[in-house]
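Student: I would like to learn how to read strand pairing and aromatic pairs in a model.
Tutor: Then let us look at one.

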Amino acid sequence: MSKVYTTEELIQILATERQACLKGERLKLEVTVSGNPLIDQFIKAEGLQKFTAYQDFKNAIHDYQKEHQVSGIVWKEVSVKGKTLRYPEVDTQLTALSSDLEILQGARNSILQFWYEVSAGMDLYLSVNNNKQHQLILLSDVERIVQRTEWATLLKWENPNFLEILLQLGWGNPEEASYKRGRPKSGSEFIHAVNPGNLPIG
């Protein structure tokens, strides 16, 4: 029986392949920019060929994950205001198995509880216009979004003068939710908590 790669090994394999594609060591030569040979001769297609080569490789890894039931979950830890939470998240380069979605859904309430505790008294902003703008919202607005949330993740930016806690509230497939390409079946909203008077940077 052949060895089955672990989640961590697949992440490393993808990182190595991504670097090879960025260096131009892997190209999908049949990819053209427009499909029109007259136009394509004036446009450098190498960037698109690098990107496509990596996307094809990543899709093959996702197929491998499904075939061998290799989880896309990585465990993260965040500490804010003296409180620490360890929580699951799907690695950005991997896909989520149905068992991974169950793990994410099982962690939802503890992530939300942690976020409610550490964001108390902070200003809340919702990302709008494809995360280019932020709209000030109330806790009741967050609670309405939470009603349709299946899973959540956290991220923070902190220095001695600034703190921002980003809460991603999602549903469906995390891989599709982050880039808004899976709506309405998959999607997410981003809530930014910042100290009063500050604006989000994330």
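Predicted model: local features only at pLDDT ≥ 70, side-chain atom pairs only at ≥ 80, totals over all residues.

Student: How many bridges join β6 and β7?
Tutor: Two strands pair if DSSP finds at least two bridges between them; strands are DSSP runs of E, at least two residues long, and helices are runs of H or I, at least four, numbered from the N terminus. Here β6 (residues 162-171) and β7 (residues 187-194) pair over eight bridges, in the antiparallel sense.

Student: What is the strand order of the open sheet?
Tutor: The order is β4-β3-β7-β6-β5, five strands with antiparallel pairing.

Student: How is an aromatic pair described?
Tutor: By the distance of the ring centres and the angle of the planes. Rings of Phe, Tyr and Trp (its six-membered ring) pair if their centres lie within 6.5 Å; planes under 30 degrees apart count as stacked, over 60 as edge-to-face and the rest as tilted. The whole structure holds two aromatic pairs. One of them is the tilted pair of Y5 and Y64, 6.0 Å centre to centre with 55 degrees between the planes. Y5 lies in the segment before α1 (7-22) and Y64 in helix α3 (residues 46-68), 59 residues apart.

How values were computed: Residues numbered from 1 in each chain as written. Heavy atoms only, no water.
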